[in-house]
Amino acid sequence: MRLRNIPGAREAIVDSKYAVKNPEQQKGHWHELFGNDHPIHIEIGMGKGRFITTMAALHPEINYIGIEKYSSVMLRALQKQEDTELPNLYFIRMEAEVITEVFAPGEVSVIYLNFSDPWPKDRHAKRRLPSREFLRRYDVILRKDGRVEFKTDNQDLFRFALEETEPAGWKQDAVTFDLHHDEAMNEGNVMTEYEERFSTKGNPICKYIISRDVKR
Ligand code: SAH
C-alpha cells in the first residue's frame with residue numbers, strides 16, 4: 001500500500017464507531033461487541049478492505065475483523081463501512097505483532113493473510129506474516145480446529161511460507177500455485193485489491209490453507 005499521508009485519517013478513525021479503540025480491552029469479549037456467538041474471522045493487513053467487506057456482506061453468520069497498521073489505508077475501508085454499516089464487520093488499526101494481546105486463546109476461527117509484505121531481506125524474515133514467529137502467535141489465538149488461509153503472487157514469499165509450516169507444527173490442507181486455474185480451490189474465491197491488480201498483469205496467484213497438526 002502507498003504510504004500517502006491522508007490529512008485527518010487518524011482523526012477520522014478515532015471518530016468511527018467501526019474502528020475499535022483500545023482493542024486489548026476486548027480480549028476474550030469480542031462476541032459482546034457483535035452481540036452474538038458467531039465465529040470470528042480476521043484478516044491481517046487488510047489494506048483498503050475490499051476482501052473483508054465483501055466476505056462480511058456474503059456471510060452474515062460470521063463476524064469479521066480487519067486489521068491494518070496504517071491509518072491512511074484503513075480509512076478507505078472505514079469509509080465503505082460507514083456507508084454500508086454491516087453489523088458483522090469491525091476494524092482495528094494495529095501492528096499485528098501484538099495480536100496475542102488483543103485476542104484470547106482460541107477466540108479466532110480463521111485468519112486470512114492476503115498479499116502480505118514480502119520483506120525480501122533474510123534478516124527481516126521474522127516480520128513476514130506467514131513466518132514461524134507469526135504462526136506461533138496464530139497458534140495461540142486460533143481455535144484448535146481453526147485455519148490460516150494465505151494468498152500471494154510472490155513466489156519467493158510463498159515458498160518461504162510453505163517451508164515454515166511443518167517446523168511450526170502445522171499441516172498443509174490445500175496448496176496451489178495457480179489459484180485462478182484450480183477449480184476446487186477457486187470456488188467462491190473473493191478477490192482482493194492486490195489480487196485483481198497482479199492477476200490482471202498475468203501473475204499466477206498462490207494460495208495455501210493450513211491448520212494445526214492434531215497429532216501434536
Ligand atoms: N490485503 C490487501 C492489502 C495487501 S498489502 C490486498 O490483498 O489487497 C499488505 C497490507 O498489510 C498493507 O496495507 C500493510 O500496511 C499491511 N500490513 C503489513 N504488515 C502488517 C502488520 N505487521 N500489521 C498490520 N498490518 C500490516
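## Exercises on a predicted model

At 31% relative accessibility, Lys 80 counts as partly exposed. This residue returns in Exercise 1. The structure is a predicted model.

**Exercise 1.** Find the salt bridge partner of Lys 80 and state which parts of the chain the pair ties together.

*Solution.* 
- Step 1. The partner is Glu 193, and the closest N and O atoms of the pair are 3.9 Å apart. The cut-off for a salt bridge is 4 Å, so this pair is counted.
- Step 2. Glu 193 belongs to helix α8 (residues 193-200), while Lys 80 belongs to helix α4 (residues 71-84).
- Step 3. In the whole structure, a search finds 10 salt bridges.

**Exercise 2.** Decide whether Arg 212 is buried or exposed, and describe its salt bridge.

*Solution.* 
- Step 1. Arg 212 has a relative accessible area of 3%. Buried means under 20%, so Arg 212 is buried.
- Step 2. Its side chain meets that of Asp 139 in a salt bridge, at 2.4 Å from N to O.
- Step 3. This pair links distant parts of the chain, with Arg 212 in strand β7 and Asp 139 in helix α5, 73 residues apart.

**Exercise 3.** List the buried residues of helix α5 and explain why they lie on the same side of it.

*Solution.* 
- Step 1. Helix α5 covers residues 132-141, and its buried residues are Phe 134, Leu 135, Tyr 138 and Ile 141.
- Step 2. Around the axis they cover an arc of only 120°, which puts them on the same side of α5.
- Step 3. The general rule is that an α-helix has 3.6 residues a turn, so residues three or four places apart point the same way.
- Step 4. The elements that the buried residues of α5 pack against are the strands β1 (40-44), β4 (108-114), β5 (142-152), β6 (170-176) and β7 (206-212), together with helix α6 (155-165).

**Exercise 4.** Describe the surroundings of the ligand and state how much of its accessible area the protein covers.

*Solution.* 
- Step 1. The ligand is surrounded by 18 residues, and the closest are Gly 45, Glu 68, Glu 95, Thr 192 and Tyr 194.
- Step 2. An oxygen atom of the ligand is 2.8 Å from an N or O atom in the side chain of Thr 192.
- Step 3. On its own the ligand has 560 Å² of accessible area, and the protein covers 98% of that.

Terms used: Residues are numbered from 1 along each chain as its sequence is written. This is a predicted model: local features need pLDDT of at least 70, side-chain atom pairs count only at pLDDT 80 or more; totals for chains, interfaces and linings use all residues. Side-chain values use heavy atoms; hydrogens and water are left out. Buried means under 20% relative accessible area, exposed over 50%, partly exposed in between (1.4 Å probe, protein chains only). Helices (H or I, at least four residues) and strands (E, at least two) are DSSP runs, numbered from the N terminus. The arc is that of the directions from the helix axis to the C-beta atoms. Contact means heavy atoms within 4.5 Å. A residue is near a molecule or strand if one of its heavy atoms lies within 4 Å of it. A polar contact is a pair of N or O atoms within 3.5 Å; within protein, one must be able to donate a hydrogen and the other to accept it, and residues adjacent in sequence count only if both atoms are side-chain atoms. Accessible areas come from the Shrake-Rupley method with a 1.4 Å probe; for residues, only the protein chains shown count as cover.
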